[in-house]
Amino acid sequence: NGCPSLFQVVHAHKPHFMALHCQEFGGKNYEASMSHVDKFVKELLSSDAMKDYNRARVYLDENYKSQEHFTALGSFYFLHESLKNIYQFDFKAKKYKKVTGKEIYSDTLESTPMLEKEKFPQDYFPECKWSRKGFIRTRWCITDCAFDLVNIHLFHDASNLIAWETSPSVYSGIRHKALGYVLDRIIDQRFEKVSYFVFGDFNFRLDAKAVVETLCAKATMQTIRAADTNEVVKLIFRESDNDRKVMLQLEKKLFDYFNQDVFRDNNGTALLEFDRELSVFKDRLYELDISFPPSYPYSEDSSQGKQYMNTRCPAWCDRILMSHSAKELILKSENDEKIVIYDHIGPNVCMGDHKPVFLSFRIAAGAGKPIANVHKCCVVQ
């Protein structure tokens, strides 16, 4: 279902440059599924919907046997035939190279100089024996305008019960540390500073304690413990009256709230006040206003495109963020038309447990630099 929905967005917005960032490539059973990935990539590159894109770069981290490197990230870049000069940065040679033809890199991305890839150190998230979280960065130059595109995957909430205990949660602290690490890395001294876009699954969650207290303001809580260890295994919130109706049941991997409409009505925006993880980075990152419902966790039943799974509290996990200089680039280029769109894809279609989000915008020629100082990337071969 994902491809037709993606092609609809491509058809509607007709981008000249398109970046598609994927996480968990190959799915949960990547050993068995990687063979399907190559078929998917070839179909995407040769599909009728993409026929006007005559250049492409595809970077797939398929090296799942490497415990120290595997991130399961995939980054696709498509260039429309009408786009004349576009350059990609070579991080080893420290210069831009003109992009021609279609190229696919997989297996060992470590050896291509056209990107930077890192996996977070294991001690960032000790609960996982083997995490795949990390980032891939590429740098581009179009119409005198240079920018980084960073595909990122941050750490999830391992337990709803632990997430509920403190505000902010221990997991949001881990994400904060990892995102800070990425931002420091992409603006360090090794390369010229340029505007950047960071997008992917940040796993940002609503402040669980505050949300539960709001959703269950009039409820009484019952605690259920394991007989042998006495640890809390379940919380049940019941209405004080109304026959003590169960409002919310909370377990390690269960978040079963009786009325899902609260997450869907008006795109769930009443809950945006509990989306607080980005506030720490407000000096470094900008985001357009969110006007779409929480992007995770959707039912994976193909007939339930709008239904959330009752495993986690719905949250805006999937985001597109940018440096403040990138924000200037986008908003400065608007002129009279409001042509910046930040939305989700396939609202009524099953797209897996995450709904993809997209950002569509125009950059005016030369927007990246004052006229007197045309960017040097556009002179290099």
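**View 1. The side chain of Glu277 makes a polar contact with the side chain of Arg175, at 2.8 Å.** A polar contact is a pair of N or O atoms within 3.5 Å; within protein, one must be able to donate a hydrogen and the other to accept it, and residues adjacent in sequence count only if both atoms are side-chain atoms. The model is predicted: local features need pLDDT of at least 70, side-chain atom pairs count only at pLDDT 80 or more, and totals for chains, interfaces and linings use all residues. Residues are numbered from 1 along each chain as its sequence is written, and side-chain values use heavy atoms, with hydrogens and water left out. The Glu277 side chain also reaches the backbone nitrogen of Arg205, at 3.0 Å. Leaving aside residues up to four places away in sequence, Glu277 touches Ser172, Arg175, Phe204 and Arg205 (contact: heavy atoms within 4.5 Å). Glu277 lies in the loop between α6 (261-264) and β15 (318-322). Helices (H or I, at least four residues) and strands (E, at least two) are DSSP runs, numbered from the N terminus. Glu277 counts as buried because its relative accessibility is 12%; buried means under 20% relative accessible area, exposed over 50%, partly exposed in between (1.4 Å probe, protein chains only).

**View 2. Helix α4 spans residues 170-186.** Its 17 residues reach 25 Å from first C-alpha to last, close to the 24 Å expected at 1.5 Å a residue. That expected span is 1.5 Å times one less than the number of residues. Among the buried residues of α4 are Ser172 and Arg175. The cover over the buried residues of α4 includes β8 (134-142), β9 (145-153), α3 (160-165) and β10 (195-201).

**View 3. Four strands form an open antiparallel sheet, ordered β11-β12-β13-β14.** Strands β11 (219-225) and β14 (254-257) stand at the edges with a single partner strand each, so one side of each lacks a neighbour in the sheet. Neighbouring strands are turned by 15° against each other on average, direction ignored. Axes are lines fitted to C-alpha atoms, for helices over the stretch in contact, and angles run from 0 to 180 degrees between N-to-C directions. Helix α5 (residues 208-215) packs on the sheet and touches β12, β13 and β14; its direction makes about 25° with that of β14. Four bridges pair β12 (residues 232-239) with β13 (residues 246-251). Two strands pair if DSSP finds at least two bridges between them. Arg238 stands opposite Val246 in β13.

**View 4. Strands β2 (residues 53-60) and β6 run parallel, joined by four bridges.** Arg57 has Glu103 as its bridge partner in β6.
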